[in-house]
Amino acid sequence: MTERADSRSGRGGALPEIRLPVGTLAIGDLHVDVERPDVVEGFTRFLAAQHGRPCLIVLGDLFEYWIGKGQANSAGGTRCLAALSELAGSGTRILVVPGNRDFLLGASDARRGGFTLLADGFVGVAQDRSRTLVLHGDELCTRDTSYQRLRRVVRSGPVRWLARTLPTAASSAIAMRLREASTRAVARKPEASKRPQRDEALRRSSAANARTLLTGHVHEFRDDDRDGLRWLCVDAFGHAPLGPAAATAEEASASSRDAFELHLGGWRVRSSSRAGRPPGRTSRTDGPVNPEAMLVPAMTLIAIDGPSGVGKSTAARLLARRLDLFFLDTGAMYRAVARAVLERGADPHDEAACLEVTRGLHLAFEPDGTLLVDGEPAGPAIRTERVTRHVSPVSAHGSVRELVVARQREIAAEMARATGGAVAEGRDTTTVVFPNADLKVFLTASAMERARRRAAELGIPDEVGRILDDICRRDEHDSTRAHSPLRQADDAVRVETDGLTAEQVVERLAFLARSGPFDGADAGSPRSGGGTSSDAVRGRER
Ligand SMILES: Nc1ncnc2c1ncn2[C@@H]1O[C@H](COP(=O)(O)OP(=O)(O)OP(=O)(O)O)[C@@H](O)[C@H]1O
Ligand SMILES: Nc1ccn([C@H]2C[C@H](O)[C@@H](COP(=O)(O)O)O2)c(=O)n1
């Protein structure tokens, strides 16, 4: 589990490169004092709330002081390492960059805690290949020359060896002395000399070929993008949640401070406090913090496809509500186009006419998922039998699809910015519209089951036969058309819904969302249908 970099970027060597999945959370400077049971308790609750997150980065000073056995063998230290190990056991990759307080964390601590120790930081590589240099930040305080000298000495091999061999009592005593000495020394130094230096930050980032720098150390929030470098600095995370005030995991999570979380578009501030939520959240998020939503690792985009009547909109709407995400009904947009085509007396089979109608329509959504056509709610008029009959030919025109798909992407981007993510459903959301969705699902059910559901919905159980014919016709049309036919994406998780209630389907999808992003190769049809929870975990990107 221990990954100690031999070379240091500051001296021209390469740091380890680690792939960072979407949903990675970066926190730092927790300063957990293993001698304070209330703080240890808060820390373990915080970790419990992270189970299922794909990756957690700790940017140093996880512990108030960590010299060796004195901390590792204490009740508090043992509890912290066990809680870290449980988090790792849940599938979370934990990357710890030691800070100036806990630089003596060692291989045996990393083994017990199930984390990877990166002594000199590392370069994180996101899905889009963008690179982030990850450091504690004290190495950037180059104007504090005496500190830099001390830093080199205390991180040297002999000091490490000494720390490992120190008896428990001695290491506890040294920790206390160091804490006092450091507080005095820091108080004496001029403020300017203690600051991380921008020139050093630029130099190291450029050496690591990284456009983003992620640090902690100064207990000061920063997200500042200039001179070609985005420098993110975490605040002292956890001072609120790790105290005795947080009585439950939810409270621990809810009272947390801002952290940075990796989304598809890059690092974003993740505030788990209600006040810090991004603007534009729908009214349902004005209530208390939704703990499950907090546990979903930045699922920026969940895409659900499947045949007609399988329950896509039901599942997508409920899932979006449950996870505080925006619900994007892409089929409703084609229905709105088909309705306008019919209203204007155009021929649904005439591509040029349909394209002209599409060009003249403005399609948008309210945050609650209501489709607006030229500013007015689309309402039930897009769901009549007549529209349903004609929407297939209209949606089969390549040029119409091009316009509608472009608009769908714009809407998803706008809504994801406002709400943190979206659940989209349709026929081609996993294959064409959002091929990079964080989670792709292909829902299936037999045609007869779908016909029964639709007949029940319409209150005409006697007409199952007619509805079945209609469903089979739409299946045939949707899956054989030339443009964006309905098919299961290679990396979509197949969920067979025969015999599952809508709530059970949503339960399964929520589990998949919580479990984090998927590695395409593992997440496809081999797990199809009966894919269990543990299957899903196995499919995760590690
Ligand atoms: N798991 C389920 N079990 C039973 N009924 C369900 C289930 N999921 C959805 N339904 C019902 O099936 C009907 C069709 O569902 P829904 O409209 O969500 O399907 P859809 O895939 O979005 O259809 P379309 O593609 O035609 O828009 C609805 O009446 C819905 O309440
Ligand atoms: N992404 C999509 C969504 C829908 N369609 C087509 C297929 C249907 O015939 C029609 C209406 O969809 P529904 O409301 O029944 O889901 O639109 C599509 O081609 N691509």
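Reader: Which residues come nearest to ligand 1?
Author: Of the 17 residues around ligand 1, Lys-312, Ser-313, Thr-314, Arg-454 and Leu-500 come nearest. A residue is near if one of its heavy atoms lies within 4 Å of the molecule. This is a predicted model: local features need pLDDT of at least 70, side-chain atom pairs count only at pLDDT 80 or more, and totals for chains, interfaces and linings use all residues. Residues are numbered from 1 along each chain as its sequence is written, chains are lettered from A and ligands numbered from 1 in the order in which they are written, and side-chain values use heavy atoms, with hydrogens and water left out.

Reader: How far is an oxygen atom of ligand 1 from the side chain of Lys-312?
Author: An N or O atom in that Lys-312 side chain is 2.7 Å from an oxygen atom of ligand 1.

Reader: And Gly-311, what's the distance there?
Author: A polar backbone atom of Gly-311 is 3.0 Å from an oxygen atom of ligand 1.

Reader: What classes make up the shell around ligand 1?
Author: The shell has 5 nonpolar, 6 polar and 6 charged residues. Ala, Val, Leu, Ile, Met, Phe, Trp, Tyr, Cys and Pro count as nonpolar, Asp, Glu, Lys and Arg as charged, and the others, Gly among them, as polar.

Reader: Now ligand 2. Which residues come nearest?
Author: Arg-335, Arg-401, Asp-428, Arg-474 and Arg-481, of 15 around ligand 2.

Reader: What does Asp-428 do there?
Author: An N or O atom in the Asp-428 side chain is 2.7 Å from a nitrogen atom of ligand 2.

Reader: And the classes around ligand 2?
Author: Its shell has 2 nonpolar, 5 polar and 8 charged residues.

Terms used:
A polar contact is a pair of N or O atoms within 3.5 Å; within protein, one must be able to donate a hydrogen and the other to accept it, and residues adjacent in sequence count only if both atoms are side-chain atoms.
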